[in-house]
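Here is a friendly set of notes to read beside the model. Keep the structure open and look up each residue as it comes up.

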Amino acid sequence: MDPRKMGRHNLSGMIPTSLDQLQLLKSLHLNHNKLLGELPLSLRNLTGLDILDLSYNNLSGQIPAWIGTAFPNLVILNLRSNMFSGRLPSLLSSLSCLHVLDLAQNNLMGEIPLTLVELKAMAQDHNMSISSLYDNRNSSRYEERLIVITKGLILEYNRTLSLVVSIDLSNNNLSGEFPEGITKLFGLVFLNLSMNHIIGRIPESISKLRQLSSLDLSSNKLFGSIPSSMSLLSSLGYLNLSNNNFSDKIPFIGQMSTFTESAFAGNPNLCGAPLVIKCQDEGTDKSVEDKIDTGFVDQWFYLSIGLGFAVGILVPYFVLAMRRSWCDAYFDFVDKIVKWLLFRKRVTYARNHAQRK
C-alpha cells in the first residue's frame with residue numbers, strides 16, 4: 001500500500017513503528033482511520049516529510065515536542081479531530097516551512113505559545129511555492145490535496161495549494177490572552193481560534209494581516225471594542241466574532257460593512273449597524289443634529305423677515321427720492337387719504353352723539 005494514500009482505509013490499532021524505514025517519504029496520509037495511541041518516536045526518522053496528515057483518528061497523548069525539530073521541511077501538519085491533550089509545544093515554531101497548522105477538535109489546553117510568531121513561512125507576504133509537493137520517482141507525478149474547513153464550508157485545494165496559509169486551533173480548551181504576536185504572520189489567509197476560552201482584546205495590529213480571507217474568533221471570552229483598523233482588511237471575506245463579550249459600537253465602515261448581523265451575534269453589549277440595537281450616542285447625535293437644523297432654519301426665517309421689512313421701507317424711499325414728481329404725487333395721495341379718514345371719523349362721531357341725545 002502506498003503510504004501517501006493510506007487515508008480512509010479503515011486502519012486500526014497503533015501507528016506501526018516500521019514506518020521509520022521509509023526515510024525518503026515526502027508525505028504521510030493516515031487520515032480518516034481508527035488509529036489510536038500516542039505518536040511513536042520512530043516517526044521522527046522521517047526527516048524528509050513535507051506533509052504529515054493524521055487527522056480524524058483516535059490518537060491521544062501530548063503532541064510531542066520533537067515534531068518541531070524532526071521535520072525541517074514540513075509544510076502541512078494536520079492533527080485535526082483526535083484526542084490530543086496537554087499544551088501546545090513551543091518548539092512548533094521551529095517548523096520554518098510550515099504553511100498549514102491544523103490542530104482543531106482536540107483537548108489541547110493552556111495558552112497559545114508566543115513563539116508562533118517565529119513561523120517564518122507564514123510571516124512572508126508572498127509565500128513560498130509548495131506546488132512541487134509530488135513524488136518524482138519513476139516519472140510519476142503525485143499531486144497533493146488539502147481539505148480546509150473555513151467560512152462554514154469544506155474547501156479542497158490541490159493546484160492552488162500554495163495559496164493556503166492557515167492556522168486552525170478551534171474547538172479545544174485553549175485559554176489566556178489573544179496572542180498579539182500572531183498579527184506578525186503577514187501571510188495568513190485563514191485563522192480560526194473559535195470555541196476556546198481565549199480572553200483579552202483584539203489588537204489594533206490585526207490590520208497587518210492584509211492577506212487574511214477568513215477570521216473566526218467566535219465562542220471565546222474576548223471583550224472590549226472591535227478595533228476600527230479591521231475595516232482595512234480588504235481581503236476579508238468571512239468574519240465570525242459571535243458569542244463573545246465585545247462592547248461599544250461596531251466600526252461598520254470599509255470591509256466591515258460587508259458583514260451581516262450573524263457575524264456579531266451573541267455580544268449583548270455591542271450596538272450599531274448591522275445590529276438592530278442602536279447606540280446611545282446615535283440618539284444623542286440625532287437630537288443634536290435636529291437642534292442644529294432647527295437653529296439654522298430659525299436664523300434664515302428671522303433674516304428673511306428683516307430683509308423683507310428693509311426692502312419694503314427702503315425701496316419706496318429710494319424710488320421717491322429719485323423722482324420728485326412721484327414724491328409730490330405720492331404725498332398728495334397720502335394727504336387725501338388721511339383727510340378722508342378724518343372726515344369719516346368726524347361724521348361717525350357726530351351721528352353717534354346725536355343718537356345718544
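1. Two salt bridges are present in the structure, a salt bridge being a side-chain nitrogen of Lys or Arg within 4 Å of a carboxyl oxygen of Asp or Glu. One of them joins the side chains of Arg 80 and Asp 102, at 2.9 Å from N to O. This pair links distant parts of the chain, 22 residues apart: Arg 80 sits in the loop between S6 and strand S7 (83–87), and Asp 102 in strand S8. Helices (H or I, at least four residues) and strands (E, at least two) are DSSP runs, numbered from the N terminus.

2. Asp 168 also forms a salt bridge with Arg 80, and here the closest N and O atoms are 2.5 Å apart. Because Asp 168 lies in strand S12 and Arg 80 in the loop between S6 and S7, the pair ties together parts that are 88 residues apart in sequence. Through shared partners, the salt bridges join Arg 80, Asp 102 and Asp 168 into one network.

3. The word buried means under 20% relative accessible area, exposed means over 50%, and partly exposed is in between (1.4 Å probe, protein chains only).

4. A word on how to read these values: this is a predicted model, in which local features need pLDDT of at least 70 and side-chain atom pairs count only at pLDDT 80 or more, while totals for chains, interfaces and linings use all residues. Residues are numbered from 1 along each chain as its sequence is written, and side-chain values use heavy atoms, with hydrogens and water left out.

5. Now for the overall picture. The protein has three helices and 20 strands, and 43% of its 357 residues are buried. Among contacts (heavy atoms within 4.5 Å) with a separation of 6 or more, 52% are between residues 24 or more positions apart. The protein exposes about 20000 Å², of which carbon and sulfur atoms supply 57%; accessible areas come from the Shrake-Rupley method with a 1.4 Å probe, and for residues only the protein chains shown count as cover.

6. Which residues touch the most other members of the largest nonpolar core? They are Leu 77 and Phe 264, in a core of 73 residues. At least two residues of this core come from each of S4, helix H1 (67–70), strand S6 (76–78), strand S8 (100–102) and strand S14 (190–192). A nonpolar core is a set of buried Ala, Val, Leu, Ile, Met, Phe, Trp, Tyr and Cys residues joined through side-chain atoms within 4.5 Å. Not counting residues up to four places away in sequence, the partners that Leu 77 touches include Leu 52, Ile 67, Val 100 and Asp 102. Asp 102 is the residue that meets Arg 80 in a salt bridge.

7. Gln 255 is worth a look in the loop between strand S19 (245–249) and strand S20 (269–271). Gln 255 counts as buried because its relative accessibility is 19%. Its side chain reaches the backbone oxygen of Leu 236 at 2.6 Å. Leaving aside neighbours within four places in sequence, Gln 255 is in contact with Ser 231, Leu 233, Ser 234 and Leu 236.

8. Some backbone details deserve a check. The peptide bond from Ala 273 to Pro 274 is cis, with omega near 5°, and Pro 274 is in the loop between S20 and helix H2 (280–322). Although not a glycine, Asn 171 has a positive phi of about 60°; Asn 171 is found in the loop between strand S12 (166–168) and strand S13 (173–177). Asp 248, also not a glycine, has a positive phi of about 75° and lies in strand S19. Asn 171 is partly exposed at 34%, and Asp 248 is partly exposed at 42%.

9. Finally, turn to the loop between strand S3 (34–37) and strand S4 (51–53), where Glu 38 is found. Glu 38 is exposed, with a relative accessible area of 53%. Setting aside residues up to four places away in sequence, Glu 38 touches Ser 60 and Gly 61.

Terms used:
Polar contact = N/O pair within 3.5 Å; in protein donor to acceptor, adjacent residues only side chain to side chain.
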